[in-house]
Amino acid sequence: MRPASPQSEPDGLRRAVVIVDAASAAAALAAGADALVFEAGLPPGFVADLRARRPDLTLYATLDGPDDSSLDALMAQAPDGVLLRDARSGRDVAALGGRLAVCEAQAGLPDGATAILAVIGHPLGVLDARSFAGASPRLTGLGLDATAFAVVLRETGALAQARSLVRLAAAAAGVAAFDMVTEGEDCSPERLAAVQQNGFEWVVVRAPVSVAVRPRDGAG
């Protein structure tokens, strides 16, 4: 794949946007988001309305850990997947997979219908990155929260090595690799091009969407 021009949006890089309300969802859709990631507290029926407006849209719910007590309420929205923040090892993914199986059975959903995106934000997760391979057939993406990782280390010198290890682990698991761009972080085309050049196929950003993306016909 040829490097993207520093003046334009990189081709092929897909993006999911974390939303917290209707306004941020509208902004994300208008910006051409490939997927939305919603947090707890959205009004009843909101996700169903999004599905009615954009049946092709992929929707994820966020969880702080495999034991997050909000899972039952989030599963009532029947998301396509969950984004597991601060995954420390494949054991977290396996544990969450077990809980999802129970929730799916209770909700009358097909077994395995809910995918998992696992985010590594701690050195323990990076050091045990190989454990994500084979952790669960639900795992479809493995990513790095570089901001959280740097806060724990109190420096950024190890980020390049962490990115490489996460990419290798994603390849070993046969899943997509993604990077996190936190709120207030640079979302310029140059920043997104760097994400792609680092070998990541997806980027997860937080709303409000300041990211320069391709406009889409009928988005929103």
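A residue counts as buried when its relative accessible area is under 20%, as exposed when it is over 50%, and as partly exposed in between. Keep these cut-offs at hand during the tour. The model on screen is a predicted one.

**Stop 1: the whole chain**

Show the protein chain as a cartoon. It has 8 helices and 8 strands. Of its 220 residues, 50% count as buried. The chain exposes about 10000 Å², and carbon and sulfur atoms supply 54% of that area. Now consider contacts between residues with a separation of 6 or more: 63% of them join residues 24 or more positions apart.

**Stop 2: the barrel**

In what order do the 8 strands close into a barrel? The order is E1-E2-E3-E4-E5-E6-E7-E8, with parallel pairing. From one strand to the next, the twist averages 25 degrees. Bring back helix H8, residues 189-197, which packs on the sheet and touches E1, E7 (176-181) and E8. The direction of H8 makes about 150 degrees with that of E7. Strands of a sheet pair through backbone hydrogen bonds, either parallel or antiparallel.

**Stop 3: strand E1 and its two partners**

Select residues 14-19, which form strand E1. In E1, 5 of the 6 residues are buried. To see one of the pairs, pick Arg15 and its bridge partner in E8, Val203.

**Stop 4: helix H1**

Select residues 22-30, helix H1. Together with E1 and E2, H1 makes a right-handed β-α-β unit. Which residues of H1 are buried? They are Ser24, Ala25, Ala28 and Leu29. Looking down the axis of H1, you find the buried residues within an arc of 135 degrees, so they line one face of the helix. Ala23 and Ala30, on the other side of H1, are exposed. The cover over the buried residues of H1 includes E1, E2 and helix H2 (46-53). After H1 comes Gly32, which has a positive phi near 90 degrees.

**Stop 5: strand E5**

Move to residues 115-120, strand E5. How many of the 6 residues of E5 are buried? The count is 6 of 6. In a regular strand the side chains alternate between the two faces of the sheet. Colour Ala115, Leu117 and Val119 for one side of E5, and Ile116, Ala118 and Ile120 for the other; both faces are covered, and these residues are all buried.

Now look at the neighbours of E5. Strand E4 pairs with E5 in the parallel sense over 4 bridges, and Gly81 has Ala115 of E5 as its bridge partner. E4, helix H4 and E5 make a right-handed β-α-β unit. Strand E6, residues 139-144, runs parallel to E5, and 5 bridges join the two. Pick Ala118 and its partner Leu142 in E6, then Ile120 and its partner Leu144 in E6.

**Stop 6: Ile120**

Stay with Ile120, a residue of strand E5. Why does Ile120 count as buried? Its relative accessibility is 0%, and the cut-off for buried is under 20%. To show what surrounds Ile120, leave aside its neighbours within four places in sequence and select its contacts: Ala87, Gly125, Val126, Phe132, Leu142, Gly143, Leu144, Asp145 and Val166. Val166 is 46 residues away from Ile120 along the chain, yet their C-alpha atoms are separated by 8.1 Å.

**Stop 7: two loop residues**

Finish with two loops on either side of E4. Select Ala78, in the loop between helix H3 (71-75) and strand E4 (81-84). The phi of Ala78 is near 50 degrees, a positive value in a residue other than glycine. Ala78 is partly exposed, with a relative accessible area of 29%.

Next select Asp86, in the loop between E4 and helix H4 (90-107). Asp86 is not a glycine, but has a positive phi of about 55 degrees. Is Asp86 buried or partly exposed? Asp86 is partly exposed, with a relative accessible area of 32%.

How values were computed. Residues are numbered from 1 along each chain as its sequence is written. This is a predicted model: local features need pLDDT of at least 70, side-chain atom pairs count only at pLDDT 80 or more; totals for chains, interfaces and linings use all residues. Side-chain values use heavy atoms; hydrogens and water are left out. Buried means under 20% relative accessible area, exposed over 50%, partly exposed in between (1.4 Å probe, protein chains only). Contact means heavy atoms within 4.5 Å. Accessible areas come from the Shrake-Rupley method with a 1.4 Å probe; for residues, only the protein chains shown count as cover. Two strands pair if DSSP finds at least two bridges between them. A crossover is right-handed if, with the strands pointing away from the viewer, the path from the first strand over the helix to the second runs clockwise. Axes are lines fitted to C-alpha atoms, for helices over the stretch in contact, and angles run from 0 to 180 degrees between N-to-C directions. The arc is that of the directions from the helix axis to the C-beta atoms.
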